[in-house]
Amino acid sequence: MAVEKGLRADARRNRDLIVAAAQELFLEQGVDVPLEEVARRAGVGVGTLYRRFPDRDALLRAVGVESLRRLADLAETAWREEPDAWHALCRFLRGSVALRLGVLPAKLEPHLHQRLRAGPDLHEIRQQVIAGVLRMIERARADGALRADVGPGDIALLMTLNVYTPPGLHDEQAMERVVELVLDGLRADRASPLPGAPLNEDDLRRYTAVRLPPADGTRHEGAGTAASVPEWQGETECS
């Protein structure tokens with residue numbers, strides 16, 4: 001887990017424990033879980049938590065940054081270790097779903113999610129993830145492995161895949177089955193016609209542009225919708 005520079009070893013350890021506990025609890029119970037519960041699961045005092053994260057937004061941002069870093073590492077590792085772009089893309093999508101990227105944004109109040117995404121500290125790492133995804137898509141398509149009518153925006157939506165499983169059904173196994181069905185549908189040699197046009201890179205950037213609420217707090221219809229949009233995608237400008 002990447003952390004802030006200049007922290008002592010014990011402070012780094014406590015920070016990592018807090019962020020990991022927060023991610024687990026936000027996914028399990030939602031982002032309104034008491035911060036005292038986060039501290040309890042991390043095994044630290046409440047005072048330690050507040051010294052590192054003065055408010056809930058700061059902790060949410062740390063969870064988002066850590067998720068992005070894990071995603072960037074996943075993309076780079078898949079590209080380096082897999083034999084070709086298709087297998088790298090499959091590994092990356094499996095890992096993205098395992099990180100449950102679509103769950104946390106869906107639990108955030110839309111305006112809060114947009115505000116967290118717009119932070120400049122997330123820009124560089126977001127660009128790393130985007131570049132890695134585009135590289136895998138373009139090469140897999142050029143190799144004839146990825147169907148031609150699938151674009152970067154389509155892959156981005158698949159990264160946020162989340163499946164509801166009723167009580168009594170094994171969550172992990174159910175998700176793995178769904179992911180393999182999706183990957184099978186991406187293969188060029190098994191393609192059936194898709195409705196509409198693929199979501200290309202321009203569509204992706206328009207789709208993920210950050211729309212902050214007006215300064216007076218007025219809420220407009222459809223503005224700031226965040227459900228199932230991964231953190232790495234947001235940009236204040238389409239560039």
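UniProt positions are given here in the numbering used for this model, with feature names shortened, and annotations may be inferred rather than shown by experiment. With that in mind, the unreviewed UniProt entry puts a "DNA-binding region" at residues 34–53. This is a predicted model, where local features need pLDDT of at least 70, side-chain atom pairs count only at pLDDT 80 or more, and totals for chains, interfaces and linings use all residues. Residues are numbered from 1 along each chain as its sequence is written, and side-chain values use heavy atoms, leaving out hydrogens and water.

**The annotated stretch**
- Residues 34–53 are 75% helix and 0% strand, helices being DSSP runs of H or I with at least four residues and strands runs of E with at least two.

**Helix pair α5 and α10**
- Their axes (lines fitted to C-alpha atoms over the stretch in contact, with angles from 0 to 180 degrees between N-to-C directions) come within 11 Å and cross at roughly 150 degrees.
- On the α5 side, Trp86, Cys90, Leu93, Arg94 and Val97 make the contact (heavy atoms within 4.5 Å), meeting Met175, Val179, Glu180, Leu183 and Leu186 of α10.
- By class, the residues of that contact split into 8 nonpolar, no polar and 2 charged, where Ala, Val, Leu, Ile, Met, Phe, Trp, Tyr, Cys and Pro count as nonpolar, Asp, Glu, Lys and Arg as charged, and the others, Gly among them, as polar.
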